[in-house]
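Here are a few notes to read alongside the model, written for someone opening it for the first time. Keep the viewer handy and click along.

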Amino acid sequence: MNSAAIASLPRRFLHGWMRVVRHMLPPTLYFFVAFNLVVFTTNLLTRDYWFNLTGFMLASTTALVVGKVVLIVDKVRIIDKFRGAPLIQPILYKTVFYGIVVTIVRFLERILHFAFDSRGFDAAAEAALLDFSWHRFVAVQVWIFVCFLLYVTASELNALVGDGQLRRLFFHHRSSEYRLTRRQHIRALMEISRLARDTPHERLLDPATPQGSRLVALIDRLRRRDA
């Protein structure tokens, strides 16, 4: 391995780490807010206090677990089983799939916690069983399902309209302006398709021809819209 390749290793590691963080950060932040909101409102309704450190730590830890699960599961091909089907199918499939994996991971982490408990595995597991409540378990699973349903729906819509388009629509574009530019975007793509179908290859790629200059203009329009 030459010196240039060795020197580039830290840079490649940093870039790989940043890709992991960018992928993991959105679901982690979303579930951090969602789970803490659930805990906060539950405390207000049932216990009449604003903040509980144990509940906050539990919700934050669960959000971190979900972020790790999303990062790993998105690398598995089976998660895209219904790619191209009507949106309801991939949304429900991914929601159930994520929910099952999160439940398994939470269970395994709990087992790992028992293994390192100072009281010993058997005593820690017995104490956890005595404290176990089906009502609490079902409530947590219901909220995990609902939160995943909202997250997956937003993710699928974002992928459908183009990555980043939902963010632009919510924070940058007026809704009426978006409808207009979206229509223009579709028309430009249709015209590019017609040009590619009806124009010889060499004329289409020559900017001096009317077809070539028109292609350049259409591509520039699309680039300005995506900026």
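The points below go through the core, the aromatic pairs and the salt bridges.

1. First, a reminder: this is a predicted model.

2. Start with helix H2, which runs over residues 53-73. Its 21 residues reach 30 Å from the first C-alpha to the last, close to the 30 Å expected at 1.5 Å a residue.

3. Next, the largest nonpolar core, which has 19 residues. Helices H1 (3-47), H2, H3 and H5 are the elements that give two or more residues to this core. H2 supplies the largest share, seven residues. Inside the core, the residues with the most contacts are Phe31, Phe35, Val66, Tyr98 and Phe148. For background, nonpolar side chains in soluble globular proteins tend to be buried together.

4. Tyr98 deserves a click of its own. Setting aside neighbours within four places in sequence, Tyr98 is in contact with Val69, Val70, Val73, Asp74, Ile79, Phe148 and Val152. Apart from the core in point 3 lies another, of seven residues, with Ala188, Ile192, Leu218 and Leu222 among them.

5. On to the rings. A search of the whole structure turns up seven aromatic pairs. In one of them, Tyr93 and Phe97, the ring centres are 5.8 Å apart and the planes sit at 40°, so this pair counts as tilted. Both residues lie in helix H3 (residues 88-115), four residues apart, which is about one turn of the helix. Tyr93 has a relative accessible area of 17%, and it is buried because the cut-off is under 20%.

6. Why is the pair of Tyr98 and Phe148 called stacked? The planes of these two rings are at 10°, with the centres 5.0 Å apart, so the pair is stacked. Tyr98 belongs to helix H3 and Phe148 to helix H5 (residues 134-161), so the pair ties together parts that are 50 residues apart in sequence. Both residues are buried. They also belong to one aromatic cluster, together with Tyr30, Phe31, Phe35 and Tyr151.

7. How many salt bridges does the count come to? The count is three. One of them joins Lys94 and Glu156, whose closest N and O atoms are 2.8 Å apart. This pair links distant parts of the chain, with Lys94 in helix H3 and Glu156 in helix H5, 62 residues apart.

8. Leaving out neighbours within four places in sequence, Glu156 is in contact with Arg83, Leu87, Pro90, Ile91 and Lys94.

9. Another bridge brings together the side chains of Glu191 and Arg214, at 2.6 Å from N to O. Glu191 is in helix H7 (residues 175-198) and Arg214 in helix H9 (residues 210-226), so this is again a link between distant parts of the chain, 23 residues apart. Arg214 is partly exposed, with a relative accessible area of 30%.

10. Finally, look at Arg197 and Asp198. They form a salt bridge, with the closest N and O atoms 3.1 Å apart. Both of these residues are exposed.

Conventions:
Residues numbered from 1 in each chain as written. Predicted model: local features only at pLDDT ≥ 70, side-chain atom pairs only at ≥ 80, totals over all residues. Heavy atoms only, no water. Phe/Tyr/Trp six-rings, centres within 6.5 Å; stacked < 30°, edge-to-face > 60°. Buried < 20%, exposed > 50% of the residue type's maximum accessible area, 1.4 Å probe, protein only. Salt bridge = Lys/Arg side-chain N within 4 Å of Asp/Glu carboxyl O. Contact = heavy atoms within 4.5 Å. Expected span 1.5 Å × (residues − 1). Core = buried A, V, L, I, M, F, W, Y, C linked by side-chain atoms within 4.5 Å.
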